[in-house]
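Then follow the stops below.

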Amino acid sequence: IVDYAVASDLDVIVYFGWWNPSQPWQIPWLDYAKSRWGNRFLGVYLNDEQGGIQLDANWTGYFSRLRQRNDPQYRLHSSGIEHILNDTLPRDYDDAAAHYLSYVRNYIGLDELKRRSITSFTSDYALYWFDYLGGYDTVLAQFGWNQSITQEIALVRGAAYMQSKDWGAIITWKYTQPPYLDSGEEIYQQMLTAYQTGAKYVVIFNYPYIEGNPYGAMQEEHFEALKRLWKDMTSTGSAPARRVSNAVVVLVLPKNYGWGMRAPNDVIWGHWGPDNKSLFIWENVQRLLEQYGSGLDIVYDETQFPVTGKYPQIFYWNYTG
């Protein structure tokens, strides 16, 4: 497939799904990929939605079921299942962040890509900051599900800018049944917004196959939207003005505050409900988005990534505007 794409004058990002060391083809494939396809091979899309799964998984049910199991494989010597549970349940936000970063760094296979200087890609719909912190080079923010793309851009672009990484957008479903995707015009506008605000990559999630359509979920109007965007990007004099990638203001959230931010009552790290900061932050985010739109970035208070000198104007989560 990659040979065919490169022969057709295309660059390629290869989807690996999840990393599985027992698969006999993955390591050898990585070893010859760059030498075979050179700069046409842009990297590997490895796993996805780590942050979203962290927020939306039923952790209470998971640990409850784990506690009820009697299989010896779930016990550690004489200390029993409670020892595992005590080591697994996060004590606070810092502990939850450490658990998450350990998972991303140690179990996804990013180290195999880094050893070969292969760029890593993923997509997510939350916690982009921590995907980058865990080692990903590029995160594609998922546009869809009727969420605010301006807020998603603020979160993913801020994370990428502060950590010196790349970012992009992947257009996902608007509906959970056919036609799944939004109209061609709406998708064009979403892609154009991503391009204008600094995205390096723009992708359409073309799944699943719809009966009678040999091209998956994409209709002719979506292919036309892609062609229109490419023309606008490459035609001298007629391309939409590309705004500066960096925002003019930034909102700084508390360190390791893994809040989903999709609604005022969203969860924190998938283990806790909103706390006494959540509503205050929500109202400040909405106020700043209304005032600055795509000129806003949202980042985290992290000593290794200080915001001082990075933005013309800085707001902290507890400001009273």
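Select aspartate 11 and arginine 40. In this predicted model, their side chains meet in a salt bridge, 3.0 Å from N to O. Aspartate 11 sits in the loop between helix H1 (2-7) and strand S1 (12-17), and arginine 40 sits in the loop between helix H2 (26-37) and strand S2 (41-46), so the pair ties together parts 29 residues apart in sequence. Aspartate 11 is partly exposed at 45% relative accessible area. Arginine 40 is partly exposed too, at 28%.

How many salt bridges does the structure hold? There are 16. Side chains of opposite charge can pair when their charged atoms come close.

Next, select arginine 91 and aspartate 95. They form a salt bridge of 3.6 Å, N to O. Aspartate 95 is buried, at 11%.

Move to helix H7, residues 110-115. Here arginine 115 meets glutamate 112 in a salt bridge of 2.9 Å, N to O. The two are 3 residues apart, so about one helical turn separates them. Arginine 115 is exposed at 56%, while glutamate 112 is buried at 16%.

Last stop: the open sheet. Its 3 strands run in the order S8-S7-S9, with parallel pairing. Strands S8 (296-300) and S9 (313-316) are at the edges with a single partner strand each, so one side of each has no neighbour in the sheet. Neighbouring strands are turned by 25 degrees on average, direction ignored. Strand S7 (residues 249-253) pairs with S8 over 5 bridges. Finish on valine 252, which stands opposite valine 299 in S8.

Terms used: Residues numbered from 1 in each chain as written. Predicted model: local features only at pLDDT ≥ 70, side-chain atom pairs only at ≥ 80, totals over all residues. Heavy atoms only, no water. Pairing = 2+ DSSP bridges. Helix = DSSP H or I, 4+ residues; strand = E, 2+ residues; numbered from the N terminus. Axes fitted to C-alpha atoms, helices over the stretch in contact; angles between N-to-C directions. Salt bridge = Lys/Arg side-chain N within 4 Å of Asp/Glu carboxyl O. Buried < 20%, exposed > 50% of the residue type's maximum accessible area, 1.4 Å probe, protein only.
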